[in-house]
Amino acid sequence: MTRSDRSVRILSYTILSVLIVVMIFPFLWMAFSSFKSTAEIYSQSYFPENPIIDNYQEIFNSSLFLRWLMNSAIIAIVTTISVLFFDSLVGFTLAKYQFPGKKIIFALIISTLMIPTEMLVIPWYIMSSRFGWLDSYWGIMFPGMMSAFGVFLMRQFMDSVPDDLLDAARIDGMSEFGIFVKITLPLVKPALATLAIFNFIGDWNAFLWPLIVSSTPKMYTLPVGLAYFSSENLMRWEMIMTGSTVSTIPLIIVFLIFQKHIVKGIALTGLKG
Amino acid sequence: MKLRQKKTMTAYLFLIVPLIFFIFVRFFPTIYAFWLSFTDWNIISPKMNFVGFDNFRALFADSVFMKSLWNTFKYVLYGVPLVLVLSFAISLLLNNIRKGQAFYRLIYVMPYITPLVAVSWVWRWMYQRPPVGVINNLFSFVGIPTQRFLFSMDQALIAIVVTTVWVNLGYCIVIFLAGLQTIPKEYLEASKIDGANRWQVLTKITVPLLNPVILFLVVTQSILFLRIFTQVYNMTDQGSGGPLNSTKPLVLYIYQKAFLSFEMGSASSATVVLFGIILLITLLQFRLLKRRVQY
(Lines give C-alpha, C1' and ligand atoms only; values in the text may rest on other atoms or scores of the structure.)
Protein backbone atom coordinates (compact mmCIF):
# COMPACT_ATOMS: atom_id res chain seq x y z
CA MET A 1 0.00 0.00 0.00
CA THR A 2 1.37 3.42 -0.93
CA ARG A 3 1.45 6.32 1.48
CA SER A 4 -1.16 8.23 -0.43
CA ASP A 5 -3.48 5.21 -0.29
CA ARG A 6 -3.07 5.04 3.46
CA SER A 7 -3.80 8.72 3.96
CA VAL A 8 -6.89 8.47 1.75
CA ARG A 9 -8.07 5.59 3.88
CA ILE A 10 -7.50 7.45 7.14
CA LEU A 11 -9.27 10.51 5.75
CA SER A 12 -12.21 8.34 4.63
CA TYR A 13 -12.57 6.81 8.07
CA THR A 14 -12.48 10.23 9.70
CA ILE A 15 -15.14 11.80 7.47
CA LEU A 16 -17.36 8.71 7.67
CA SER A 17 -17.16 8.63 11.45
CA VAL A 18 -18.14 12.29 11.73
CA LEU A 19 -21.11 11.70 9.42
CA ILE A 20 -22.13 8.61 11.36
CA VAL A 21 -22.74 10.87 14.36
CA VAL A 22 -25.22 12.90 12.28
CA MET A 23 -26.99 9.70 11.24
CA ILE A 24 -27.20 8.23 14.73
CA PHE A 25 -27.81 11.33 16.80
CA PRO A 26 -31.58 11.66 16.12
CA PHE A 27 -32.10 8.05 17.23
CA LEU A 28 -30.16 8.54 20.47
CA TRP A 29 -31.83 11.88 21.09
CA MET A 30 -35.23 10.27 20.66
CA ALA A 31 -34.43 7.33 22.94
CA PHE A 32 -32.71 9.42 25.65
CA SER A 33 -35.54 11.94 25.75
CA SER A 34 -38.14 9.24 26.34
CA PHE A 35 -36.53 8.70 29.77
CA LYS A 36 -36.62 12.38 30.76
CA SER A 37 -39.15 14.28 32.82
CA THR A 38 -40.90 17.37 31.46
CA ALA A 39 -38.63 19.57 33.55
CA GLU A 40 -35.51 17.93 32.19
CA ILE A 41 -36.67 18.37 28.59
CA TYR A 42 -36.43 22.13 29.10
CA SER A 43 -33.07 22.03 30.86
CA GLN A 44 -30.86 21.37 27.81
CA SER A 45 -29.46 18.13 29.19
CA TYR A 46 -28.30 15.52 26.70
CA PHE A 47 -28.05 12.30 28.65
CA PRO A 48 -31.02 11.73 31.01
CA GLU A 49 -29.77 12.71 34.47
CA ASN A 50 -32.54 10.99 36.42
CA PRO A 51 -33.89 8.40 34.00
CA ILE A 52 -37.58 7.66 34.55
CA ILE A 53 -39.92 5.15 32.95
CA ASP A 54 -43.07 7.14 33.77
CA ASN A 55 -43.48 8.14 30.13
CA TYR A 56 -43.68 4.50 29.07
CA GLN A 57 -46.14 3.70 31.85
CA GLU A 58 -48.31 6.63 30.81
CA ILE A 59 -48.20 5.75 27.13
CA PHE A 60 -49.21 2.12 27.69
CA ASN A 61 -51.77 2.81 30.41
CA SER A 62 -53.60 5.89 29.22
CA SER A 63 -53.26 5.89 25.46
CA LEU A 64 -54.12 3.40 22.71
CA PHE A 65 -50.51 2.59 21.80
CA LEU A 66 -50.84 -1.12 22.59
CA ARG A 67 -53.92 -1.32 20.43
CA TRP A 68 -52.13 0.51 17.58
CA LEU A 69 -49.16 -1.80 17.93
CA MET A 70 -51.51 -4.76 17.60
CA ASN A 71 -53.37 -3.22 14.64
CA SER A 72 -50.13 -2.59 12.80
CA ALA A 73 -48.86 -6.08 13.51
CA ILE A 74 -52.08 -7.75 12.30
CA ILE A 75 -52.24 -5.63 9.16
CA ALA A 76 -48.59 -6.00 8.25
CA ILE A 77 -48.56 -9.76 8.84
CA VAL A 78 -51.80 -10.53 6.98
CA THR A 79 -50.95 -8.40 3.94
CA THR A 80 -47.40 -9.76 3.80
CA ILE A 81 -48.65 -13.36 3.81
CA SER A 82 -51.18 -12.52 1.11
CA VAL A 83 -48.56 -10.79 -1.04
CA LEU A 84 -46.16 -13.72 -0.65
CA PHE A 85 -48.77 -16.27 -1.63
CA PHE A 86 -50.44 -14.51 -4.55
CA ASP A 87 -47.36 -12.82 -6.00
CA SER A 88 -45.40 -16.06 -6.08
CA LEU A 89 -48.40 -17.92 -7.53
CA VAL A 90 -48.76 -15.35 -10.31
CA GLY A 91 -44.99 -15.27 -10.85
CA PHE A 92 -44.96 -19.08 -11.06
CA THR A 93 -47.86 -19.19 -13.51
CA LEU A 94 -46.41 -16.50 -15.76
CA ALA A 95 -42.97 -18.10 -15.76
CA LYS A 96 -43.89 -21.78 -16.10
CA TYR A 97 -47.10 -22.08 -18.16
CA GLN A 98 -47.84 -21.37 -21.80
CA PHE A 99 -51.35 -20.09 -22.44
CA PRO A 100 -53.15 -17.53 -24.61
CA GLY A 101 -53.17 -14.00 -23.18
CA LYS A 102 -50.07 -14.51 -21.02
CA LYS A 103 -48.20 -11.50 -22.37
CA ILE A 104 -51.22 -9.23 -22.04
CA ILE A 105 -51.82 -10.30 -18.44
CA PHE A 106 -48.19 -9.66 -17.52
CA ALA A 107 -48.23 -6.26 -19.25
CA LEU A 108 -51.48 -5.37 -17.50
CA ILE A 109 -50.07 -6.17 -14.07
CA ILE A 110 -46.72 -4.45 -14.65
CA SER A 111 -48.32 -1.32 -16.11
CA THR A 112 -50.06 -0.72 -12.77
CA LEU A 113 -46.60 0.01 -11.32
CA MET A 114 -46.71 3.39 -13.05
CA ILE A 115 -49.84 4.52 -11.25
CA PRO A 116 -49.09 6.48 -8.07
CA THR A 117 -51.05 5.47 -4.94
CA GLU A 118 -52.12 9.10 -4.56
CA MET A 119 -54.24 8.75 -7.67
CA LEU A 120 -55.99 5.64 -6.39
CA VAL A 121 -56.85 6.71 -2.84
CA ILE A 122 -59.92 8.70 -3.92
CA PRO A 123 -61.51 5.77 -5.85
CA TRP A 124 -60.50 3.39 -3.04
CA TYR A 125 -62.19 5.66 -0.51
CA ILE A 126 -65.40 5.83 -2.55
CA MET A 127 -65.29 2.05 -3.02
CA SER A 128 -64.77 1.50 0.71
CA SER A 129 -67.63 3.78 1.65
CA ARG A 130 -69.98 1.99 -0.80
CA PHE A 131 -69.05 -1.46 0.51
CA GLY A 132 -68.91 -0.44 4.19
CA TRP A 133 -65.17 -1.04 4.47
CA LEU A 134 -64.32 2.32 6.03
CA ASP A 135 -62.70 2.15 9.45
CA SER A 136 -62.05 -1.61 9.29
CA TYR A 137 -59.00 -3.85 9.02
CA TRP A 138 -60.11 -5.03 5.60
CA GLY A 139 -60.46 -1.42 4.46
CA ILE A 140 -56.89 -0.66 5.48
CA MET A 141 -55.53 -3.89 4.05
CA PHE A 142 -57.27 -4.53 0.73
CA PRO A 143 -55.20 -2.21 -1.51
CA GLY A 144 -52.00 -3.94 -0.40
CA MET A 145 -53.08 -7.59 -0.69
CA MET A 146 -50.97 -8.03 -3.85
CA SER A 147 -48.11 -6.08 -5.34
CA ALA A 148 -47.18 -5.69 -8.98
CA PHE A 149 -43.53 -5.29 -8.07
CA GLY A 150 -43.67 -8.60 -6.22
CA VAL A 151 -45.13 -10.31 -9.30
CA PHE A 152 -42.26 -8.91 -11.37
CA LEU A 153 -39.67 -10.06 -8.83
CA MET A 154 -41.13 -13.54 -8.36
CA ARG A 155 -41.49 -14.15 -12.09
CA GLN A 156 -37.78 -13.38 -12.52
CA PHE A 157 -36.85 -15.90 -9.84
CA MET A 158 -39.37 -18.56 -10.91
CA ASP A 159 -37.87 -18.41 -14.39
CA SER A 160 -34.64 -19.92 -13.07
CA VAL A 161 -36.38 -23.02 -11.65
CA PRO A 162 -35.59 -25.92 -14.07
CA ASP A 163 -38.59 -27.30 -15.99
CA ASP A 164 -37.27 -30.88 -15.69
CA LEU A 165 -37.80 -30.73 -11.97
CA LEU A 166 -41.47 -29.81 -12.42
CA ASP A 167 -41.99 -32.47 -15.08
CA ALA A 168 -40.46 -35.13 -12.86
CA ALA A 169 -42.94 -34.20 -10.12
CA ARG A 170 -45.79 -34.36 -12.65
CA ILE A 171 -44.77 -37.90 -13.63
CA ASP A 172 -44.82 -38.81 -9.94
CA GLY A 173 -48.46 -37.71 -9.97
CA MET A 174 -48.13 -34.50 -8.00
CA SER A 175 -50.86 -31.91 -8.58
CA GLU A 176 -49.98 -28.57 -10.19
CA PHE A 177 -50.65 -26.72 -6.95
CA GLY A 178 -48.57 -29.27 -5.08
CA ILE A 179 -45.70 -28.62 -7.49
CA PHE A 180 -45.98 -24.90 -6.80
CA VAL A 181 -45.99 -25.29 -3.02
CA LYS A 182 -43.62 -28.21 -2.53
CA ILE A 183 -41.15 -27.91 -5.40
CA THR A 184 -40.88 -24.28 -6.51
CA LEU A 185 -41.47 -22.27 -3.34
CA PRO A 186 -38.54 -23.85 -1.43
CA LEU A 187 -36.27 -23.03 -4.38
CA VAL A 188 -37.04 -19.31 -4.33
CA LYS A 189 -36.76 -18.77 -0.58
CA PRO A 190 -34.26 -15.86 -0.83
CA ALA A 191 -36.63 -13.94 -3.11
CA LEU A 192 -39.55 -14.68 -0.79
CA ALA A 193 -37.55 -13.39 2.18
CA THR A 194 -36.68 -10.15 0.41
CA LEU A 195 -40.28 -9.61 -0.69
CA ALA A 196 -41.57 -10.39 2.81
CA ILE A 197 -39.24 -7.96 4.56
CA PHE A 198 -39.88 -5.08 2.19
CA ASN A 199 -43.61 -5.60 2.30
CA PHE A 200 -43.65 -5.81 6.06
CA ILE A 201 -41.63 -2.60 6.44
CA GLY A 202 -43.75 -0.85 3.82
CA ASP A 203 -47.03 -1.86 5.47
CA TRP A 204 -45.78 -1.03 8.94
CA ASN A 205 -44.76 2.47 7.84
CA ALA A 206 -47.67 3.19 5.46
CA PHE A 207 -49.34 6.48 6.31
CA LEU A 208 -51.53 8.10 3.63
CA TRP A 209 -54.10 5.35 3.05
CA PRO A 210 -54.51 4.27 6.71
CA LEU A 211 -54.91 7.96 7.61
CA ILE A 212 -57.70 8.31 5.06
CA VAL A 213 -59.59 5.08 5.67
CA SER A 214 -59.54 4.91 9.47
CA SER A 215 -61.62 7.39 11.40
CA THR A 216 -61.85 6.16 15.01
CA PRO A 217 -58.65 6.06 17.11
CA LYS A 218 -59.07 2.37 17.94
CA MET A 219 -58.64 1.48 14.25
CA TYR A 220 -55.48 3.54 13.74
CA THR A 221 -52.22 1.92 12.73
CA LEU A 222 -49.08 2.86 14.63
CA PRO A 223 -47.98 5.72 12.30
CA VAL A 224 -51.47 7.24 12.20
CA GLY A 225 -51.81 6.75 15.94
CA LEU A 226 -48.44 8.37 16.55
CA ALA A 227 -49.37 11.38 14.41
CA TYR A 228 -52.68 11.71 16.28
CA PHE A 229 -51.09 11.20 19.70
CA SER A 230 -48.35 13.74 18.97
CA SER A 231 -50.71 16.46 17.84
CA GLU A 232 -52.87 15.80 20.92
CA ASN A 233 -49.80 16.08 23.17
CA LEU A 234 -48.21 18.99 21.35
CA MET A 235 -45.23 20.44 23.28
CA ARG A 236 -45.08 17.41 25.56
CA TRP A 237 -41.96 16.35 23.70
CA GLU A 238 -40.99 13.61 26.17
CA MET A 239 -44.31 11.86 25.43
CA ILE A 240 -43.94 12.30 21.67
CA MET A 241 -40.43 10.87 21.82
CA THR A 242 -41.64 7.91 23.88
CA GLY A 243 -44.30 7.24 21.25
CA SER A 244 -41.73 7.54 18.48
CA THR A 245 -39.39 5.15 20.28
CA VAL A 246 -42.17 2.60 20.75
CA SER A 247 -43.04 2.71 17.03
CA THR A 248 -39.41 2.51 15.93
CA ILE A 249 -38.21 -0.37 18.12
CA PRO A 250 -40.07 -3.20 16.32
CA LEU A 251 -38.53 -2.09 13.03
CA ILE A 252 -35.04 -1.76 14.45
CA ILE A 253 -35.38 -5.36 15.67
CA VAL A 254 -36.56 -6.56 12.24
CA PHE A 255 -33.75 -4.55 10.67
CA LEU A 256 -31.01 -6.00 12.86
CA ILE A 257 -32.21 -9.57 12.27
CA PHE A 258 -32.60 -9.21 8.50
CA GLN A 259 -30.00 -6.53 7.74
CA LYS A 260 -28.26 -8.60 5.06
CA HIS A 261 -31.52 -9.26 3.22
CA ILE A 262 -32.47 -5.59 3.42
CA VAL A 263 -29.20 -4.31 1.99
CA LYS A 264 -29.26 -6.97 -0.74
CA GLY A 265 -32.89 -6.23 -1.47
CA ILE A 266 -32.24 -2.52 -1.97
CA ALA A 267 -29.36 -3.28 -4.33
CA LEU A 268 -31.61 -5.75 -6.17
CA THR A 269 -34.40 -3.22 -6.74
CA GLY A 270 -31.87 -0.62 -7.79
CA LEU A 271 -29.78 -2.51 -10.25
CA LYS A 272 -32.65 -3.75 -12.36
CA GLY A 273 -33.04 -0.14 -13.57
CA MET B 1 -58.38 -33.76 -21.64
CA LYS B 2 -54.93 -33.32 -23.13
CA LEU B 3 -52.08 -32.31 -20.84
CA ARG B 4 -51.63 -29.05 -22.69
CA GLN B 5 -55.27 -28.08 -22.20
CA LYS B 6 -55.13 -29.11 -18.59
CA LYS B 7 -52.13 -26.88 -18.00
CA THR B 8 -53.84 -23.95 -19.67
CA MET B 9 -56.88 -24.43 -17.43
CA THR B 10 -54.64 -24.60 -14.38
CA ALA B 11 -52.92 -21.36 -15.37
CA TYR B 12 -56.23 -19.52 -15.66
CA LEU B 13 -57.41 -21.00 -12.38
CA PHE B 14 -54.26 -19.75 -10.62
CA LEU B 15 -54.63 -16.29 -12.15
CA ILE B 16 -58.31 -15.68 -11.56
CA VAL B 17 -58.16 -14.16 -8.07
CA PRO B 18 -55.07 -12.00 -8.79
CA LEU B 19 -56.63 -10.78 -12.03
CA ILE B 20 -59.81 -9.75 -10.25
CA PHE B 21 -57.63 -7.91 -7.74
CA PHE B 22 -55.54 -6.04 -10.30
CA ILE B 23 -58.59 -5.13 -12.36
CA PHE B 24 -60.78 -3.94 -9.49
CA VAL B 25 -58.18 -2.45 -7.16
CA ARG B 26 -55.71 -1.00 -9.67
CA PHE B 27 -57.19 -0.71 -13.16
CA PHE B 28 -60.76 0.44 -12.66
CA PRO B 29 -59.80 2.91 -9.92
CA THR B 30 -57.31 4.50 -12.34
CA ILE B 31 -59.97 4.91 -15.00
CA TYR B 32 -62.42 6.11 -12.37
CA ALA B 33 -59.94 8.75 -11.16
CA PHE B 34 -59.62 10.05 -14.73
CA TRP B 35 -63.41 10.10 -15.09
CA LEU B 36 -63.86 11.90 -11.76
CA SER B 37 -61.40 14.57 -12.83
CA PHE B 38 -63.91 15.68 -15.47
CA THR B 39 -66.83 15.88 -13.04
CA ASP B 40 -67.90 18.32 -10.34
CA TRP B 41 -68.71 15.58 -7.82
CA ASN B 42 -68.43 16.11 -4.12
CA ILE B 43 -69.17 13.10 -1.97
CA ILE B 44 -72.26 14.61 -0.33
CA SER B 45 -74.33 15.53 -3.38
CA PRO B 46 -75.96 12.67 -5.29
CA LYS B 47 -75.51 14.22 -8.73
CA MET B 48 -72.33 14.07 -10.74
CA ASN B 49 -72.08 16.43 -13.71
CA PHE B 50 -69.61 16.18 -16.54
CA VAL B 51 -67.77 19.50 -16.64
CA GLY B 52 -65.02 18.89 -19.19
CA PHE B 53 -61.77 20.63 -18.39
CA ASP B 54 -63.36 23.09 -15.92
CA ASN B 55 -61.62 21.49 -12.93
CA PHE B 56 -58.21 21.80 -14.56
CA ARG B 57 -58.88 25.41 -15.52
CA ALA B 58 -59.99 26.16 -11.96
CA LEU B 59 -56.90 24.43 -10.54
CA PHE B 60 -54.46 26.44 -12.60
CA ALA B 61 -56.32 29.61 -11.59
CA ASP B 62 -56.12 28.62 -7.89
CA SER B 63 -53.14 30.32 -6.28
CA VAL B 64 -52.89 27.65 -3.55
CA PHE B 65 -52.67 24.91 -6.18
CA MET B 66 -50.01 26.81 -8.11
CA LYS B 67 -48.13 27.41 -4.89
CA SER B 68 -48.22 23.70 -4.00
CA LEU B 69 -47.17 22.74 -7.53
CA TRP B 70 -44.23 25.12 -7.28
CA ASN B 71 -43.37 23.82 -3.80
CA THR B 72 -43.37 20.27 -5.15
CA PHE B 73 -40.84 21.26 -7.81
CA LYS B 74 -38.78 22.96 -5.14
CA TYR B 75 -38.67 19.73 -3.10
CA VAL B 76 -37.37 17.91 -6.18
CA LEU B 77 -34.96 20.67 -7.20
CA TYR B 78 -33.35 20.95 -3.75
CA GLY B 79 -33.73 17.38 -2.59
CA VAL B 80 -32.58 15.26 -5.53
CA PRO B 81 -29.19 16.94 -6.18
CA LEU B 82 -28.48 17.10 -2.45
CA VAL B 83 -29.22 13.44 -1.75
CA LEU B 84 -27.39 12.27 -4.88
CA VAL B 85 -24.20 14.28 -4.36
CA LEU B 86 -24.03 13.38 -0.67
CA SER B 87 -24.72 9.69 -1.15
CA PHE B 88 -22.25 9.50 -4.05
CA ALA B 89 -19.53 11.12 -1.97
CA ILE B 90 -20.21 8.83 0.98
CA SER B 91 -20.26 5.70 -1.17
CA LEU B 92 -16.89 6.71 -2.70
CA LEU B 93 -15.51 7.03 0.82
CA LEU B 94 -17.05 3.70 1.82
CA ASN B 95 -15.53 2.11 -1.25
CA ASN B 96 -12.07 3.21 -0.01
CA ILE B 97 -12.33 1.28 3.21
CA ARG B 98 -12.64 -2.42 3.82
CA LYS B 99 -12.83 -2.92 7.57
CA GLY B 100 -16.17 -1.76 8.94
CA GLN B 101 -17.74 -1.04 5.57
CA ALA B 102 -20.77 -3.19 6.34
CA PHE B 103 -21.21 -1.56 9.73
CA TYR B 104 -21.10 2.00 8.35
CA ARG B 105 -23.49 1.09 5.55
CA LEU B 106 -25.86 -0.41 8.09
CA ILE B 107 -26.01 2.81 10.09
CA TYR B 108 -26.71 4.88 6.98
CA VAL B 109 -29.60 2.59 6.01
CA MET B 110 -31.28 2.73 9.43
CA PRO B 111 -33.28 5.96 8.86
CA TYR B 112 -34.63 4.52 5.61
CA ILE B 113 -36.53 1.74 7.40
CA THR B 114 -37.62 3.84 10.41
CA PRO B 115 -41.29 4.93 10.38
CA LEU B 116 -41.36 8.28 8.62
CA VAL B 117 -43.92 9.62 11.09
CA ALA B 118 -41.51 9.02 13.99
CA VAL B 119 -38.62 10.55 12.01
CA SER B 120 -40.73 13.62 11.25
CA TRP B 121 -41.61 14.24 14.89
CA VAL B 122 -38.05 13.74 16.08
CA TRP B 123 -36.77 16.27 13.53
CA ARG B 124 -39.66 18.62 14.21
CA TRP B 125 -38.56 18.65 17.79
CA MET B 126 -34.89 19.13 16.93
CA TYR B 127 -35.86 22.15 14.80
CA GLN B 128 -37.66 23.91 17.71
CA ARG B 129 -36.57 27.20 19.25
CA PRO B 130 -34.26 27.12 22.29
CA PRO B 131 -34.25 25.80 24.96
CA VAL B 132 -35.89 22.62 23.60
CA GLY B 133 -34.54 22.68 20.03
CA VAL B 134 -31.25 20.84 20.02
CA ILE B 135 -30.05 22.22 16.67
CA ASN B 136 -30.53 25.79 17.83
CA ASN B 137 -28.78 24.93 21.09
CA LEU B 138 -25.85 23.64 19.08
CA PHE B 139 -25.91 26.75 16.90
CA SER B 140 -25.80 29.10 19.88
CA PHE B 141 -22.89 27.04 21.24
CA VAL B 142 -20.83 27.84 18.14
CA GLY B 143 -22.15 31.40 17.87
CA ILE B 144 -24.74 31.08 15.08
CA PRO B 145 -27.91 33.11 15.78
CA THR B 146 -31.17 31.25 16.53
CA GLN B 147 -32.94 30.07 13.37
CA ARG B 148 -36.71 29.79 13.05
CA PHE B 149 -36.61 26.69 10.79
CA LEU B 150 -40.15 25.25 10.57
CA PHE B 151 -41.68 28.54 11.69
CA SER B 152 -40.05 30.47 8.86
CA MET B 153 -41.56 30.83 5.40
CA ASP B 154 -38.09 30.75 3.84
CA GLN B 155 -36.56 27.90 5.83
CA ALA B 156 -39.38 25.46 6.50
CA LEU B 157 -39.30 23.76 3.10
CA ILE B 158 -35.53 23.39 3.19
CA ALA B 159 -35.73 22.01 6.74
CA ILE B 160 -38.11 19.31 5.49
CA VAL B 161 -35.80 18.60 2.53
CA VAL B 162 -32.88 18.08 4.93
CA THR B 163 -34.90 15.56 6.96
CA THR B 164 -35.93 13.71 3.80
CA VAL B 165 -32.33 13.61 2.55
CA TRP B 166 -31.31 12.16 5.91
CA VAL B 167 -33.92 9.42 5.38
CA ASN B 168 -33.13 8.57 1.74
CA LEU B 169 -29.35 8.78 1.97
CA GLY B 170 -28.87 5.12 2.95
CA TYR B 171 -30.94 3.80 0.04
CA CYS B 172 -28.88 5.77 -2.49
CA ILE B 173 -25.61 4.76 -0.81
CA VAL B 174 -26.44 1.05 -1.04
CA ILE B 175 -27.25 1.39 -4.73
CA PHE B 176 -24.19 3.52 -5.53
CA LEU B 177 -21.97 1.11 -3.64
CA ALA B 178 -23.39 -1.89 -5.52
CA GLY B 179 -22.78 0.03 -8.75
CA LEU B 180 -19.22 0.94 -7.78
CA GLN B 181 -18.45 -2.68 -7.03
CA THR B 182 -19.42 -3.72 -10.58
CA ILE B 183 -16.70 -1.50 -12.08
CA PRO B 184 -13.85 -3.80 -13.14
CA LYS B 185 -10.71 -3.17 -11.10
CA GLU B 186 -8.57 -3.44 -14.27
CA TYR B 187 -10.07 -0.21 -15.61
CA LEU B 188 -9.03 1.70 -12.53
CA GLU B 189 -5.58 0.14 -12.40
CA ALA B 190 -4.96 0.69 -16.10
CA SER B 191 -5.84 4.35 -15.81
CA LYS B 192 -3.55 4.71 -12.80
CA ILE B 193 -0.67 3.19 -14.77
CA ASP B 194 -1.43 5.67 -17.55
CA GLY B 195 -0.83 8.38 -14.96
CA ALA B 196 -4.39 9.53 -14.32
CA ASN B 197 -4.88 11.26 -10.97
CA ARG B 198 -7.78 10.51 -8.63
CA TRP B 199 -9.95 13.30 -10.02
CA GLN B 200 -9.44 12.11 -13.60
CA VAL B 201 -10.27 8.51 -12.67
CA LEU B 202 -13.44 9.74 -10.99
CA THR B 203 -14.69 11.98 -13.81
CA LYS B 204 -13.45 9.99 -16.80
CA ILE B 205 -14.10 6.43 -15.63
CA THR B 206 -16.21 6.06 -12.50
CA VAL B 207 -18.96 8.59 -13.28
CA PRO B 208 -19.47 7.57 -16.94
CA LEU B 209 -19.64 3.89 -15.97
CA LEU B 210 -22.18 4.68 -13.26
CA ASN B 211 -24.43 6.63 -15.64
CA PRO B 212 -27.28 4.07 -15.62
CA VAL B 213 -27.20 3.93 -11.81
CA ILE B 214 -27.21 7.72 -11.55
CA LEU B 215 -30.12 7.95 -13.97
CA PHE B 216 -32.07 5.33 -12.01
CA LEU B 217 -31.53 7.22 -8.77
CA VAL B 218 -32.42 10.59 -10.31
CA VAL B 219 -35.74 9.16 -11.50
CA THR B 220 -36.68 7.22 -8.36
CA GLN B 221 -35.67 10.04 -6.04
CA SER B 222 -37.50 12.62 -8.17
CA ILE B 223 -40.67 10.54 -7.97
CA LEU B 224 -40.20 10.17 -4.21
CA PHE B 225 -39.87 13.93 -3.73
CA LEU B 226 -42.81 14.58 -6.09
CA ARG B 227 -44.96 12.38 -3.85
CA ILE B 228 -43.78 13.94 -0.57
CA PHE B 229 -46.56 14.02 2.04
CA THR B 230 -45.96 12.28 5.37
CA GLN B 231 -43.07 14.52 6.44
CA VAL B 232 -44.95 17.71 5.62
CA TYR B 233 -48.14 16.52 7.29
CA ASN B 234 -46.28 15.70 10.49
CA MET B 235 -43.75 18.52 10.60
CA THR B 236 -46.05 21.48 9.97
CA ASP B 237 -48.63 22.97 12.29
CA GLN B 238 -51.79 20.76 12.25
CA GLY B 239 -50.61 19.15 9.03
CA SER B 240 -51.45 22.31 7.14
CA GLY B 241 -48.33 22.66 5.01
CA GLY B 242 -47.67 25.99 6.65
CA PRO B 243 -46.53 28.54 7.53
CA LEU B 244 -48.92 30.08 4.99
CA ASN B 245 -48.72 27.15 2.53
CA SER B 246 -44.98 27.65 2.14
CA THR B 247 -44.30 23.92 2.50
CA LYS B 248 -47.52 22.50 1.05
CA PRO B 249 -46.81 19.91 -1.67
CA LEU B 250 -49.21 18.61 -4.30
CA VAL B 251 -50.19 15.47 -2.37
CA LEU B 252 -51.12 17.47 0.73
CA TYR B 253 -53.22 19.76 -1.49
CA ILE B 254 -54.95 16.68 -2.91
CA TYR B 255 -55.49 15.24 0.57
CA GLN B 256 -57.08 18.45 1.85
CA LYS B 257 -59.26 18.89 -1.26
CA ALA B 258 -60.49 15.30 -1.19
CA PHE B 259 -60.75 14.43 2.48
CA LEU B 260 -61.25 17.73 4.29
CA SER B 261 -63.46 19.59 1.79
CA PHE B 262 -64.65 16.48 -0.11
CA GLU B 263 -64.31 18.02 -3.57
CA MET B 264 -63.61 14.65 -5.18
CA GLY B 265 -63.77 15.89 -8.79
CA SER B 266 -61.33 18.70 -8.33
CA ALA B 267 -59.01 16.58 -6.18
CA SER B 268 -58.97 13.87 -8.87
CA SER B 269 -57.92 16.48 -11.42
CA ALA B 270 -54.97 17.33 -9.20
CA THR B 271 -54.02 13.64 -9.02
CA VAL B 272 -54.12 13.51 -12.83
CA VAL B 273 -51.64 16.40 -12.92
CA LEU B 274 -49.37 14.50 -10.50
CA PHE B 275 -49.69 11.35 -12.60
CA GLY B 276 -48.79 13.32 -15.74
CA ILE B 277 -45.60 14.66 -14.17
CA ILE B 278 -44.53 11.23 -12.91
CA LEU B 279 -45.29 9.64 -16.29
CA LEU B 280 -43.22 12.28 -18.05
CA ILE B 281 -40.20 11.58 -15.84
CA THR B 282 -40.55 7.81 -16.25
CA LEU B 283 -40.80 8.04 -20.05
CA LEU B 284 -37.79 10.34 -20.09
CA GLN B 285 -35.85 7.67 -18.20
CA PHE B 286 -36.73 5.03 -20.79
CA ARG B 287 -35.67 7.36 -23.61
CA LEU B 288 -32.34 8.12 -21.96
CA LEU B 289 -31.70 4.47 -21.10
CA LYS B 290 -32.21 3.46 -24.73
CA ARG B 291 -29.77 6.11 -25.88
CA ARG B 292 -27.17 5.32 -23.28
CA VAL B 293 -23.70 4.64 -24.56
CA GLN B 294 -22.24 1.19 -24.01
CA TYR B 295 -18.72 1.17 -22.65
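Predicted model: local features only at pLDDT ≥ 70, side-chain atom pairs only at ≥ 80, totals over all residues.
Most residues other than glycine have a negative phi, and most peptide bonds are trans.

Phe149(B) also has a positive phi, near 45°. It is found in the loop between helix 6 and helix 7 of chain B. Phe149(B) counts as buried, because 22 C-beta neighbours lie inside 10 Å and the cut-off is 20 or more.

## Cis peptide bonds

In chain B, Pro130(B) and Pro131(B) are joined by a cis peptide bond with omega of about 5°. Pro131(B) belongs to the loop between helix 5 (116–126) and helix 6 (134–141) of chain B.

A cis bond also runs from Gly242(B) to Pro243(B), where omega is near -5°. Pro243(B) is placed in the loop between helix 11 (230–235) and helix 12 (250–259) of chain B.

## Chain A: overall form

Chain A has 15 helices and zero strands. Its radius of gyration is 24 Å, well over the 19 Å that the globule rule gives for 273 residues, so chain A is more spread out than a compact globule. The C-alpha trace of chain A spans about 75 × 70 × 35 Å along its principal axes.

Of the 273 residues of chain A, 41% count as buried. Among contacts in chain A between residues at least 6 apart in sequence, 76% join residues at least 24 apart.

## A helix crossing in chain A

Helix 3 (residues 54–62) and helix 14 (residues 237–257) of chain A have axes that come within 10 Å and cross at roughly 70°. Helix 3 of chain A is therefore roughly perpendicular to helix 14 of chain A.

On the helix 3 side, Asn55(A), Tyr56(A), Glu58(A) and Ile59(A) take part; they meet Glu238(A), Met239(A), Thr242(A), Gly243(A) and Val246(A) of helix 14. The residues of this contact divide into four nonpolar, three polar and two charged.

## Contact between the chains

Chain B contributes 72 residues to the contact and chain A contributes 68 residues. On the side of chain B that touches chain A, helix 1 (residues 3–36) of chain B gives the most, with 20 residues. That side of chain B consists of 56 nonpolar, 12 polar and four charged residues.

## Nonpolar core

The largest nonpolar core has 143 residues, of which Val122(B), Ile173(B) and Ala270(B) touch the most other members. Helix 7 (residues 156–180) of chain B supplies the largest share of this core, 15 residues.

Not counting residues up to four places away in sequence, Ile173(B) touches Ser87(B), Ile90(B), Ser91(B), Leu94(B), Arg105(B) and Tyr108(B).

Technical notes. Residues numbered from 1 in each chain as written. Chains lettered and ligands numbered in written order. Core = buried A, V, L, I, M, F, W, Y, C linked by C-beta atoms within 7 Å. Buried ≥ 20, exposed ≤ 12 C-beta atoms within 10 Å, placed from the backbone. Helix = DSSP H or I, 4+ residues; strand = E, 2+ residues; numbered from the N terminus. Contact = placed C-beta atoms within 7 Å. Nonpolar A, V, L, I, M, F, W, Y, C, P; charged D, E, K, R; others polar. Rg over C-alpha atoms; globule rule 2.2 N^0.38 Å. Axes fitted to C-alpha atoms, helices over the stretch in contact; angles between N-to-C directions. Parallel < 35°, antiparallel > 145°, perpendicular 65-115°, else oblique.
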